[in-house]
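Subject: The structure I promised you

Hi,

Here is the structure I said I'd send over. Have it open while you read, and I'll walk you through what turned up.

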Amino acid sequence: MAKKALITGITGQDGSYLTELLLAKGYEVHGIIRRTAAPYAGQLERVYAEPNFNSEHLSLHHGDLSDAGSLKRLLDKIQPEEVYNLAAQSDVRISFDIPGYTADITATGVARLLEAIHESGLQPRFYQASSSEMYGKVRAMPQNELTPFHPRSPYACAKVYAYWITVNYRESYGLHASNGILFNHESPRRGENFVTRKITRAIARIKAGRQDKLFMGNLDARRDWGFAKEYVEAMWLMLQQPEPDDYVVATGETHSVKEFLELAFDHAGLDWKKHVEIDPQFYRPAEVDQLVGDATKAHKKLGWTAKTKFTDLVRLMVDADVQLLKCPSAGVGRIIG
């Protein structure tokens with residue numbers, strides 16, 4: 001029989017790529033969607049649009065990390081062998097405005113899910129989506145699994161709690177639970193509120209004459225940017241290991257927002273200085289200046305290495321948004337379960 005996987009946050013960038021990966025490997029995939037979310041919000045509609053998609057292998061269920069009862073019910077119903085927790089309030093800037101909600105979903109929600117797994121009596125392998133934002137005011141360059149955390153936002157603080165509660169359930173109850181400390185990973189499916197996609201969408205609109213200005217915050221922040229489609233493979237590999245563990249997933253390169261901006265506009269044949277203006281409202285109360293990951297452990301133990309280079313990633317995102325504006329995709333599919 002096919003393995004069953006349960007994914008929270010299935011409608012996002014990572015959720016859609018992970019769904020495609022697991023379906024290709026013969027899994028029966030179940031996803032949790034919130035009541036307030038459109039059935040095919042975000043990027044999951046791309047999965048349904050695939051020519052060889054078989055709806056019998058993908059089921060969506062209403063549930064929420066804020067509702068322990070729904071989590072218990074779904075675990076009992078599905079009985080998954082693997083659980084991937086990708087759900088979160090993941091907008092770092094907005095987390096300063098709604099710190100309580102961010103903590104409830106991104107931190108406490110993970111504890112609810114882990115406790116629901118523990119109480120179910122099931123022994124699924126568990127993946128927690130941790131974040132490089134946890135390093136915050138970095139103590140070492142580059143950052144690896146032993147680098148201390150110094151979170152600089154409510155989002156990052158919540159992720160630190162989620163990381164340690166995952167470790168705690170692993171050590172307390174023997175749960176096969178692993179943290180993937182993923183550095184920034186982008187794609188044409190990235191949410192429009194993230195800076196990389198904000199840039200590439202604006203470029204497409206500027207080229208089409210639908211927009212003239214792009215308002216930005218801190219251009220000097222440096223990040224380790226990789227391709228999300230490759231990063232979900234690392235998630236899957238973690239849960240295939242005999243023993244659970246925590247892994248940094250990164251490219252090992254760091255680039256500034258300004259570099260991304262310049263390269264993206266240049267690829268589109270535009271002068272960024274004519275269109276970009278700085279707006280203080282996009283600055284964070286506490287900035288994270290530089291992140292760069294050391295994924296040596298993931299390479300040695302998982303056999304995983306980032307393949308897509310920074311330049312190629314920027315160009316494919318620009319090209320995708322230019323094309324998307326010319327031919328907007330339409331959602332298809334239906335909820336099962």
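Before we start, one term: two strands count as paired if DSSP finds at least two bridges between them. With that in hand, look at T8, whose bridge partner in β4 is N85. Four bridges join β1 to β4, and these two strands run parallel. One thing to keep in mind throughout is that this is a predicted model.

Now the whole sheet. Strands of a sheet pair through backbone hydrogen bonds, either parallel or antiparallel. Here seven strands form an open sheet in the order β3-β2-β1-β4-β5-β6-β11, and the pairing is parallel. Which strands stand at the edges? They are β3 (58-62) and β11 (246-249); each has a single partner strand, so one side of each is left without a neighbour in the sheet. From one strand to the next, the twist averages 20°.

α1 packs on it, touching β1 (4-8), β2, β3, β4 (82-85) and β6 (177-182), and the direction of α1 makes about 175° with that of β1. α8 lies across β4, β5 (125-131), β6 and β11, and runs at about 160° to β6.

These two helices also meet each other. The axes of α1 (residues 13-24) and α8 (residues 228-238) come within 9 Å and cross at roughly 65°, and the crossing is right-handed. From α1, the contact is made by Q13, D14, Y17, L18, L21 and L22, and from α8 by A228, K229, V232, E233, M235 and W236. What kinds of residues are these? Eight are nonpolar, one is polar and three are charged.

- S130 lies in strand β5. Its relative accessibility is 5%, so S130 counts as buried, the cut-off being under 20%. The side chains of S130 and N179 are joined by a polar contact of 2.8 Å. Among the other residues that S130 touches are K159, Y163 and G180.
- E186 is found in strand β7 (residues 185-186). Is E186 buried or exposed? At 2% relative accessibility, E186 counts as buried. Its side chain makes a polar contact of 2.4 Å with the side chain of T196. E186 also touches residues including Q13 and A228, and both of those belong to the contact of α1 with α8.

Last stop: helix α9 (residues 257-267). Its buried residues include V257, F260, L261, L263, A264 and F265. What covers the buried residues of α9? The cover includes α7 (195-207), β8 (214-216), β12 (255-256), β13 (276-278) and α11 (310-326). After α9 comes G269, whose phi is positive, near 75°.

Conventions
Residues numbered from 1 in each chain as written. Predicted model: local features only at pLDDT ≥ 70, side-chain atom pairs only at ≥ 80, totals over all residues. Heavy atoms only, no water. Buried < 20%, exposed > 50% of the residue type's maximum accessible area, 1.4 Å probe, protein only. Polar contact = N/O pair within 3.5 Å; in protein donor to acceptor, adjacent residues only side chain to side chain. Contact = heavy atoms within 4.5 Å. Axes fitted to C-alpha atoms, helices over the stretch in contact; angles between N-to-C directions. Left-handed = near helix turned anticlockwise from the far one by under 90°. Nonpolar A, V, L, I, M, F, W, Y, C, P; charged D, E, K, R; others polar. Lists of a residue's contacts leave out its neighbours within four places in sequence.
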